[in-house]
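Subject: Structure handover

Hi,

Here is the structure we talked about. Please open it alongside this note. My findings follow below.

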Amino acid sequence: MSKIILTGDRPTGRLHVGHYVGSLKRRVKLQNSGEFDSIYIMIADAQALTDNADNPEKVRQNIVEVALDYLGCGLDPAKSTLFIQSMVPQLTELSFYYMNLVTVSRLQRNPTVKAEIQMRNFEASIPVGFFTYPISQAADITAFKATTVPVGEDQMPMLEQTREIVHKFNSVYGETLVEPQILLPDNKACLRLPGTDGKAKMSKSLGNCIYLADTEEEVRKKIMSMFTDPNHIRVEDPGCVEGNPVFIYLDAFSRPEHFAEFLPEYAGLDELKEHYRRGGLGDVKVKKFLNNVMQSELAPIRERRKKWEKDIPAVYEILREGSQKAEAVAAQTLADVRSAMKINYFDDGALIKEQIEKYK
Ligand code: ATP
Ligand code: MG
């Protein structure tokens, strides 16, 4: 069986370092591993509209921002198909058929959607499109017969929902769809990177992000004013590293060679944490180290992004070509789905014969 990747992001803002450690970095690694037959990376504009219906301009503006972030991170259009969701209308049709295989109560149990409804104050008036976006995600994944979906932890319920739809579809209509596997980051700190404010998730919608496109100075300012352990007031106070975003970011970003380069008086992260716990290590020193670590990771991304910013028409051309390629693949899956569901009336010679017989 082919090994196929599908994943993507909502164009609701520029991408941040949570996206990077949660999914983007892995994608680039998988892309360059040569182990996959196809890789599809989707800019989910239709999904972004489910909670931004009144602000299509925001979605429109951010398509190119997300594409620039992709290219900056090293996604290579020669190896990965970058495309725009709404340019592949087959996805909408698939969603419509899958809706018949899912109950309202099943959707209501989705913990990520529940949390997002609360965060957006949608409790009293949830747009139907937003409520059903897990179904549209199942369409996105299955349209490309994806076997592997590299995403952050918040996507686990979506993958579960997709697998249920695949089972249901295949058992009702016959073996047609491919069951995908989720691929979570190996590093626990990257499953759900917290915001610079210490909130549970760095999220475009919460304004607590370090963006891939931030300048060196912006990144430095954000790091130096990050939330830490509120009880670690004086340098000599013992500090807590658990739940402390500065240390979580170090878990996510630092490597042994960073210590040799930027903080040689410590053998590694364990020793630094130990000192912080004991007391006598100030936040400023740790933040300065984190800044060095993150700048060294982000600088090449920023530079590559800048180069693409000078050739915006080429970026749109990549998306146009990618969308055409994606549409051809999704059209084939849709044809398989229609045939499995027996709604391929005009291609079904047996049906016409059957009706002729009936009226003989
Ligand atoms: P929005 O607030 O509009 O939903 P978002 O910041 O949650 O935006 P998405 O586009 O919904 O971003 O998510 C894109 C991908 O990035 C998903 O795979 C998701 O799991 C991952 N991701 C998003 N935020 C984080 C985070 N803080 N840590 C790890 N992974 C994340
Ligand atoms: Mg999200």
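Which residues are closest to ligand 1, and how many surround it? There are 22 in the surround, and the closest are Thr12, Asp154, Leu193, Lys201 and Ser205. Keep in mind that this is a predicted model.

- Gly18 places a backbone N or O atom 3.3 Å from a nitrogen atom of ligand 1.
- His19 uses its side chain: an N or O atom there is 2.8 Å from an oxygen atom of ligand 1.
- Gly152 has a backbone N or O atom 2.9 Å from an oxygen atom of ligand 1.

On its own, ligand 1 has 600 Å² of accessible area, and the protein covers 97% of that.

Next, the domains. The assignment for the protein chain gives domain 1 (4-192 + 312-355) and domain 2 (214-308). Their C-alpha centres are 34 Å apart. Across the boundary, 19 residues of domain 1 are in contact with 13 residues of domain 2.

As a rule, nonpolar side chains in soluble globular proteins tend to be buried together. Here the largest core holds 59 residues, and Phe253 and Leu272 touch the most other members. Helix α3 (residues 56-73) supplies the largest share of this core, eight residues. Both domains contribute: the core draws at least three residues from each of domain 1 (4-192 + 312-355) and domain 2 (214-308). A further core lies apart from it, with 36 residues, including Phe83, Ile165, Val337 and Met341.

What does Leu272 touch, leaving aside neighbours within four places in sequence? Its contacts are Phe247, Leu250, Phe259, Leu263, Tyr266, Leu281, Val286 and Phe289.

Is Val66 buried or exposed? Val66 counts as buried because its relative accessible area is 0%, and the cut-off for buried is under 20%. Not counting residues up to four places away in sequence, Val66 touches Asp9, Arg10, Pro11, Gly13, Leu15 and Ile43.

For a quick tour, begin at the ligand with His19. Then go to Leu272 in the largest core.

Best wishes

How values were computed: Residues numbered from 1 in each chain as written. Chains lettered and ligands numbered in written order. Predicted model: local features only at pLDDT ≥ 70, side-chain atom pairs only at ≥ 80, totals over all residues. Heavy atoms only, no water. Core = buried A, V, L, I, M, F, W, Y, C linked by side-chain atoms within 4.5 Å. Buried < 20%, exposed > 50% of the residue type's maximum accessible area, 1.4 Å probe, protein only. Helix = DSSP H or I, 4+ residues; strand = E, 2+ residues; numbered from the N terminus. Domains from an automatic or database assignment. Contact = heavy atoms within 4.5 Å. Near = heavy atom within 4 Å. Polar contact = N/O pair within 3.5 Å; in protein donor to acceptor, adjacent residues only side chain to side chain. Areas by Shrake-Rupley, 256 points an atom, 1.4 Å probe, with all protein chains shown as cover.
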